[in-house]
Each structure stands twice: as C-alpha cells, then as structure tokens.
Amino acid sequence: MDNNKIPPLSSFTSKKTIAPKRAVDHFSMKQGQKESIISTNDDAASCKLSAVDKGYYIDDFVKHFVKVPIKRPPLINRGFFSRVEAIEQFIKQFFTSYSQERKQIVSLGCGFDTLYFRLKKRGDTQNLVFFEVDYEEVVKNKIKIIKAQKELYQMIDQEWSQKLSGDYSSNVKINSPYYRLGCIDLKSLETFEIFDQLGIDYNLPTLFLSECVLIYIPTECGNNTIHWASSKFTESLFITYEQIKPSDEFGQMMLKNIEIKGCPLLSIQSFPEIKDQKKRYLDKGWNRVDVLDMRDVYNYFIDKNRIKETERLEIFDEFEEWDLIQTHYCYVLAIKSSQHLNDFNFENTKPLNSNNNNNNSINNKFIS
Ligand SMILES: C[S@@+](CC[C@H](N)C(=O)[O-])C[C@H]1O[C@@H](n2cnc3c(N)ncnc32)[C@H](O)[C@@H]1O
C-alpha cells in the first residue's frame, strides 16, 4: 500500500467504519495476498512517475517501469517527492560520512525503484556496490524491463548480459561488479543466504533501504531482518519508510482500506507509534535510532530550497488531508557505527519547541 490509496477526507470521518483492532501475524499468506503485495510496487512506480512528470524531481528511468502513466493529484505528487527527497538526503550523508571507503547499498523489497540508475547517471556509484532484492516475480519483471531498454542495461556492467543469459534457476539474477539483483522472500528462514550468493561484504559500510516492505511481513520476520542487519555488519544504517498510527480514526480507515485490497499491514499493531518504532530497532542492536513522521520530515528535514521549488509546481489546498496522511507515515533511521554515530542530522532537524501535535496550526506550516 502506498499513500495514494488513502481515501478522501470526507470518507473517513464517517463513524460507521470500524476496522479490525488487530492485524494477525501469520507466515502463510492467504490466496492472492502475495499478488496484492506485489501490486503495491506498480502503484509506487506509477506515483513516482506522476511526480517526476510534474517536475518534482528528476528520474529519467522510472518511465520504463510504468505501462500506463496516470496523473496523480498534488497530494500524492508532494508525498512521493518528500519520500524520495528524504532518501536522497540520507544517501548524501552516507556518501559524505564514508567518502573514502568502498560501500554498499541494499534495497530490501526494491520493487521497480530506480535509485541505482539515478546514482549511476550522476556518477555516484564509484566505490559503491548496489544490491536489490525482492520476490522472484518482481525481480523477473525488473530484469525483463532492464533487458528491453538499452538505456538501462548499458548502466550495468559489461559482463552483465552474459550472466543474465545463464542460470535462471538461481536466485541470483544479476551479479555484476557494481549492481546485484536477487530473489528473496523476507519471510523465509533461508532469507539471508542470498546475500552470501550475491557476494555481500559484511565489513563494508552498508546502507539498508526498506520502503513500505517490512510492514507487509510478520513482526517476527521483520525483527529477524532488522537484527541480522545490525549484527552481521560492522558499520551500517537501516532506513525504513512505513505506516504508523493504526488506532485513530484515520488509521482505522487506512487499515480497512488496505485489508480490502488484500495486503494487510501485518506489523503495524506491534509498532503503532514513533516510540514503538524506535524501541524495535534499539532492541535489535542498533546504537542510535531517529524517527520522524512524514509531516516533520517535510517541514524540517527536506531541503528548504527544494520545498520552495516544488511548492510552485501545483496549486495545493488540501492541507488537512496532507497533514493526516503524513502523520500516518514515518521514516526510521537506525545507525550502527563506531565513528559516524552523530553524522546524521535527522530527528534533531525538528526544533525542540515545535508543537506539531496541534492540528490547528497546520496551515501556518505551508507558507512558502
Ligand atoms: C510498496 S512496494 C515498494 C517498492 C520499493 N521499495 C519502492 O519504494 O518503490 C513493496 C515491495 O516490497 C516487496 N515485498 C513485500 N513483501 C516481501 C517479502 N516477503 N519478500 C520480498 N519482497 C517483499 C514487494 O514485492 C514490493 O516490491
């Protein structure tokens, strides 16, 4: 599920809607659930293309991953801009902190995300190995698209085309020097073997990305992933973007809406609030954990010049809906580091005296 799926404000003020209190954690999925989860990737790519086409940010590659472009409303475009821009800022800091070292990015549940291609085009992939993993179905489709577009396959290394025509039965689909793509089921016990097969180096600084992924898998499996990442790597960062606050009126409607689509948010009840998200990562071995909801990310973390540029693009008057949606998503930044623990300015970009819980003040925050 992505934030384009939230119904209009009017529809969740109805008192008739009562969502199930608890999502059930289970390892076996219901019929069609996997397909529904996989389809969230198509939604994400489509929304990103809409934001790109409107000029919110540059991505020359996302168009290849969307069959039928759909124009999205400003609320969605702005939300995706904020989500992508935050990742850009985290990566910039990661590159600055580890500028001299060889390093790795691992995108868990990568979907059709184009980050590797964007970094490559900007010349930012020197000293970097980029790993992407997702369900086999998604990975196979991603390869098909890459293979069909010269612009994409040229950005993967020389030997790649030979490797691709090789062993289709393996979970390793692309194993080039700088870009590695493999199949995973994050719910499976053998999950992490794929990283050995892809040749990950546990001693290199490594940044993990999990955007709207762990929320779809049972709490215990997500915990295993979070713990594996903190325990196996010497220097690492784990960035998660996902839904929070399932219990208020909007949150209940959000859950119901997603359940109807067949891909329930399996871990949201275990980590409903920012403090629970924080505790999850601290309990699993991370040294420092910062969490901001997306309203704070937009208001305080995203570069002010970028906000100025993009707020000129479209007329925007859905402040109340914006506020509601953005407070139901968060970014988690978990850090394990001996030298760079305090490099990352995330939570402390928010002024101490800000009173963001006051809904009446939202309109003031959008004066640009
Ligand atoms: C909402 S999409 C997000 C895709 C990408 N991270 C992005 O931000 O554009 C969620 C992705 O997580 C993947 N995913 C969900 N559960 C997974 C699992 N158990 N194992 C591997 N991938 C999974 C889906 O296949 C899908 O590609």
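Of the 22 residues around the ligand, which come nearest? Thr40, Asn41, Gly109, Gly111 and Glu211 do, where a residue counts as near a molecule if its C-beta atom, placed from the backbone, lies within 6 Å of it. The model is a predicted one, in which local features need pLDDT of at least 70, side-chain atom pairs count only at pLDDT 80 or more, and totals for chains, interfaces and linings use all residues. Residues are numbered from 1 along each chain as its sequence is written.

Helix H2 (residues 33-54) gives the largest share of the shell around the ligand, five residues; helices (H or I, at least four residues) and strands (E, at least two) are DSSP runs, numbered from the N terminus.

Eight strands make up an open sheet of mixed pairing, in the order E3-E4-E2-E1-E5-E6-E8-E7; two strands pair if DSSP finds at least two bridges between them. Strand E3 (172-175) and E7 are the edge strands, each pairing on one side only. From one strand to the next, the twist averages 10°. Strands E1 (residues 103-108) and E5 (residues 206-211) run parallel and are joined by four bridges, and Gln104 has Thr206 as its bridge partner in E5. Helix H3 packs on the sheet and touches E5, strand E6 (236-243) and E8, its direction making about 170° with that of E6. Contact requires C-beta atoms, placed from the backbone, within 7 Å; axes are lines fitted to C-alpha atoms, for helices over the stretch in contact, and angles run from 0 to 180 degrees between N-to-C directions. Helix H11 (residues 274-283) also packs on the sheet, touching E6, E7 and E8.

How values were computed:
Contact = placed C-beta atoms within 7 Å.
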